[in-house]
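Have the model open and work along.

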Amino acid sequence: AVVSTQSTGSYMDVRICHPMAASYLNTKPSSLYKHHENTKKRCYMRRVQVVEGGTFSPLVLTTTGGVGPEMDRAMKRAAKLLEDRHGEMYNEALTTIRRRLRFCLLISTLRSLRGCRTKYSPSGLNEIDFNL
């Protein structure tokens, strides 16, 4: 998922990996985060800087709740902004961000394992004229 913010020209791409996968069992978490961050940077960094004129941050998370260095910096920056703009305490804001992130990660992991329980029905699909 790519997220962009218009006011700052910042682009972020999220990658979620499972550190207990057979291919990662002998890999340290720090090496795993660095590998995935560098992979994303090779794919997107040049284009974002040259074409878009912005900055790029790969946000790496694991299914066990760990976060990479860039993601950690992004969460700390968001907590600092919440502290400055809304008067929230930094440590409480950071704890809330981490808790919500891990809860969302848990939900997405469960959905990928068991599927969504609600039936998906695209609205308005019957009304589209495909010129066939």
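Contact here means heavy atoms within 4.5 Å. The model is predicted, so local features need pLDDT of at least 70 and side-chain atom pairs pLDDT 80 or more, while totals for chains, interfaces and linings use all residues. Residues count from 1 along each chain as its sequence is written, and side-chain values use heavy atoms, without hydrogens or water.

**Exercise 1.** Describe how α2 and α3 pack.

Step 1. Helix α2 (residues 69-86) and helix α3 (residues 90-114) pack at about 130 degrees, with axes 8 Å apart.

Step 2. The two helices are therefore oblique to each other (under 35 degrees is roughly parallel, over 145 roughly antiparallel, 65 to 115 roughly perpendicular, the rest oblique).

Step 3. Residues in contact include Met 71, Met 75 and Leu 82 in α2, and Leu 94, Ile 97 and Leu 101 in α3. By class, this contact has 10 nonpolar, no polar and five charged residues.

**Exercise 2.** Which way do β2 and β3 run?

Step 1. Strand β2 (residues 10-17) and strand β3 (residues 55-62) run parallel, joined by eight bridges (pairing takes at least two DSSP bridges).

Step 2. In this pair, Ile 16 stands opposite Leu 61 in β3.

Technical notes. Axes are lines fitted to C-alpha atoms, for helices over the stretch in contact, and angles run from 0 to 180 degrees between N-to-C directions. Helices (H or I, at least four residues) and strands (E, at least two) are DSSP runs, numbered from the N terminus. Ala, Val, Leu, Ile, Met, Phe, Trp, Tyr, Cys and Pro count as nonpolar, Asp, Glu, Lys and Arg as charged, and the others, Gly among them, as polar.
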